[in-house]
Amino acid sequence: MRAPLLETRALTLRAAGKPLVDGLGWSVNAGERWCVIGRNGAGKSLVLRALAGLGVPQRSGEVFWRGRPQSAWPADAAAALRALMPQQAHDRFALTVERALTLSEAAPAMPAAANAGFADAGALTRAQEGPGASLLRRRSELTAALDIVALGPRRIDQLSGGERQRVALAQCATQGAALMLLDEPVSFQDPAHQQAVGRWLAAAADPAGRAWIATAHDPSWIARVATHVLALFGDGRWQAGSVDDMLVESVLERTYGCPWRSVDGAWLAR
């Protein structure tokens, strides 16, 4: 059998001596879409850092990518396997959105014409086949799906929080990694863009080799985009399963510490 895209064995994470995740034994397969839920400070971002192979001071246990320990992966191979979008971007250079996406692309460089601006999807579909043509089409589809086409010439350090977040999602996607790790990908989005990002995410995993894991808070949004949920209870305990098994009153109340009810398919805290 093919090894899971990601697997944790007895992963334990602590902060200030407090257990946040204790003995996490969990696997993620291609085609799955996971949301990690929990109260503020429950360790959601810390889990993503550990899964990405970044430094976590109080950590034990193991994380495997495709059956091999994280430590066995060279940096370039690791970058091709997983991409991490942090909760907030920290931009050190005044790059344009176009340039930031080009630098994030793991595939061969795009044609020079692409750096003059984002072409519309129809124009790219009609473009002559050749080096970079399919890449141009993928870029066009991605920027249209995330509603950042018009942002191409703008500087990333001058975008609104929601705009910058969608660009960060596009940067993560253009890295071409099989596994995307997304820290609160819709926290700055208005309702329309939450739906747009959700539609894009729902199509961003496939059984042929891609999956994603995202932290999120809204059970109604999670129900629309995810296939599975990992709940962190903040005291080291955790629970994982399908969306149908996890988005129930008992699990949500244990996770967030407040009662919940479902009204016409929407989850409401009460």
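**A buried helix, a mixed sheet and some aromatic pairs**

The buried residues of helix α6 are covered by parts of the chain that include β6 (82–85), α3 (97–104), α5 (133–145), β7 (179–183) and α7 (191–202). Contact here means heavy atoms within 4.5 Å, and buried means under 20% relative accessible area, with exposed being over 50% and partly exposed in between (1.4 Å probe, protein chains only). Helices (H or I, at least four residues) and strands (E, at least two) are DSSP runs, numbered from the N terminus. The model is a predicted one, in which local features need pLDDT of at least 70 and side-chain atom pairs count only at pLDDT 80 or more, while totals for chains, interfaces and linings use all residues. Residues are numbered from 1 along each chain as its sequence is written, and side-chain values use heavy atoms, with hydrogens and water left out.

Helix α6 itself spans residues 161–174, and its 14 residues reach 20 Å from the first C-alpha to the last. That is close to the 20 Å expected at 1.5 Å a residue, the expected span being 1.5 Å times one less than the number of residues. Because 12 of its 14 residues are buried, α6 is largely enclosed by the rest of the structure. Among the buried ones are Gly-162, Glu-163, Arg-164, Val-167, Leu-169 and Cys-172. Just past the end of α6, Gly-176 takes a positive phi of about 80 degrees.

Next comes the sheet. Strands of a sheet pair through backbone hydrogen bonds, either parallel or antiparallel. Two strands count as paired if DSSP finds at least two bridges between them. Six strands make up an open sheet here, in the order β6-β7-β8-β3-β9-β10, and the pairing is mixed. At the edges sit β6 and β10 (238–242), each pairing on one side only. From one strand to the next the twist averages 15 degrees, with axes taken as lines fitted to C-alpha atoms (for helices over the stretch in contact) and angles running from 0 to 180 degrees between N-to-C directions.

Strand β3 (residues 33–37) has 5 of its 5 residues buried, so it too is largely enclosed by the rest of the structure. Arg-33, Cys-35 and Ile-37 point one way, with Trp-34 and Val-36 pointing the other. β3 pairs in the parallel sense with β8 (residues 211–215) over 4 bridges, and there Cys-35 stands opposite Ala-214. It also runs parallel to β9 (residues 228–232), joined by 4 bridges, where Ile-37 has Ala-231 as its bridge partner.

As for aromatic residues, the structure holds 3 aromatic pairs. Rings of Phe, Tyr and Trp (its six-membered ring) pair if their centres lie within 6.5 Å; planes under 30 degrees apart count as stacked, over 60 as edge-to-face and the rest as tilted. Trp-65 and Trp-73 form an edge-to-face pair, 5.9 Å centre to centre with 70 degrees between the planes. Trp-65 is buried, with a relative accessible area of 2%, and Trp-73 is buried at 15%. Tyr-256 and Trp-260 make a tilted pair, 5.6 Å centre to centre and 50 degrees between the planes; both are buried.

Charges also sit over rings (NZ of Lys or CZ of Arg within 6 Å of the ring centre and within 35 degrees of the ring normal). Arg-68 lies over the face of Trp-73, 4.8 Å from the ring centre, and the charged end of Arg-9 sits over the ring of Phe-64, 3.9 Å from its centre.
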